[in-house]
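Okay, everyone, thanks for coming. I've got one chain to walk you through today, so let me put it up on the screen.

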Amino acid sequence: MTVVSVSMPEELLNRIDDFADDHGYTGRSEVIRDAARDLLGEFEDARLEDRELMGVVTVLFNYETTSVEERLMHIRHEHEELVAANFHSHVGNRYCMELFILDGSLEAISAFVGQIRATKNTLSVDYSVMPVDDFAGPLADSG
């Protein structure tokens, strides 16, 4: 197996070590391999390919880190055709939450989420994806 060196904050490393201990992993390498598999596989669901999807992406960041908000604005404009709505809210005394509603293909949503995740200084990035192309049939027939 190839050895890879990864830089990360001490706090994150401690959380990984605690997680490994709490969940029966043999060590941090196993946790990171498992997380990498999950990350790489999350957009490989064949049931979602070639379908119209809605996505919700939630980003939490410290409001004093203005570079995050600027980067999110640029990403939103780069994906103008994908972003159906965008909402900004203050959370607590130091944080902001940015919510994106997306309407598009799996490939487009995946690229958007990837760019958001790659944004430095975000505290949390969460998302969900669901198909909406099959809603029109049953809803249209019920009336």
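I'll go through confidence, then the sheet and its helices, then a few side chains.

So, first thing: this is a predicted model. The mean pLDDT of the chain is 86, and 89% of the residues reach 70 or more. The stretch to ignore is residues 137–143, where pLDDT stays under 50 and the model has 0 contacts beyond four places in sequence. Where pLDDT is low, the predicted coordinates should not be read in detail. So please don't read anything into those coordinates.

On to the sheet. What is the strand order? Reading across, you go β2-β3-β1-β4, with 4 strands in an open sheet and antiparallel pairing. The edge strands are β2, residues 83–91, and β4, each of them pairing on one side only. From one strand to the next, the twist averages 10°.

Let's zoom in on one pair. β1, which covers residues 53–62, runs antiparallel to β3, and the two share 10 bridges.

α4 packs on it and touches β1, β2, β3 and β4, with its direction at about 5° to that of β1. Then there's α3, residues 66–78, which also lies across β1, β2, β3 and β4 but runs at about 160° to β1.

Okay, side chains. How many salt bridges does a search of the whole structure find? It comes back with 2.

One of them is Asp 17 with Arg 28, and the closest N and O atoms there are 2.7 Å apart. That pair links distant parts of the chain: Asp 17 is in helix α1, residues 10–23, while Arg 28 is in helix α2, residues 28–41, and the two residues are 11 apart.

In general terms, side chains of opposite charge can pair when their charged atoms come close.

Next, have a look at Ser 105, in the loop between β3, residues 95–104, and α4. A polar atom of the Ser 105 side chain lies 3.1 Å from the backbone nitrogen of Ala 108. Leaving out residues up to four places away in sequence, Ser 105 touches Arg 51 and Leu 53. Its C-alpha is also 8.5 Å from that of Leu 48, which is 57 residues away along the chain. With 34% relative accessibility, Ser 105 is partly exposed.

Last stop, at the other end of α4. The loop between α4, residues 106–117, and β4, residues 122–131, holds Asn 121. What's its phi? Most residues other than glycine have a negative phi. Asn 121 has a relative accessible area of 47%, so it's partly exposed.

Note on methods. Residues are numbered from 1 along each chain as its sequence is written. This is a predicted model: local features need pLDDT of at least 70, side-chain atom pairs count only at pLDDT 80 or more; totals for chains, interfaces and linings use all residues. Side-chain values use heavy atoms; hydrogens and water are left out. A salt bridge is a side-chain nitrogen of Lys or Arg within 4 Å of a carboxyl oxygen of Asp or Glu. Buried means under 20% relative accessible area, exposed over 50%, partly exposed in between (1.4 Å probe, protein chains only). Contact means heavy atoms within 4.5 Å. A polar contact is a pair of N or O atoms within 3.5 Å; within protein, one must be able to donate a hydrogen and the other to accept it, and residues adjacent in sequence count only if both atoms are side-chain atoms. pLDDT is the predictor's confidence in each residue, from 0 to 100. Two strands pair if DSSP finds at least two bridges between them. Axes are lines fitted to C-alpha atoms, for helices over the stretch in contact, and angles run from 0 to 180 degrees between N-to-C directions.
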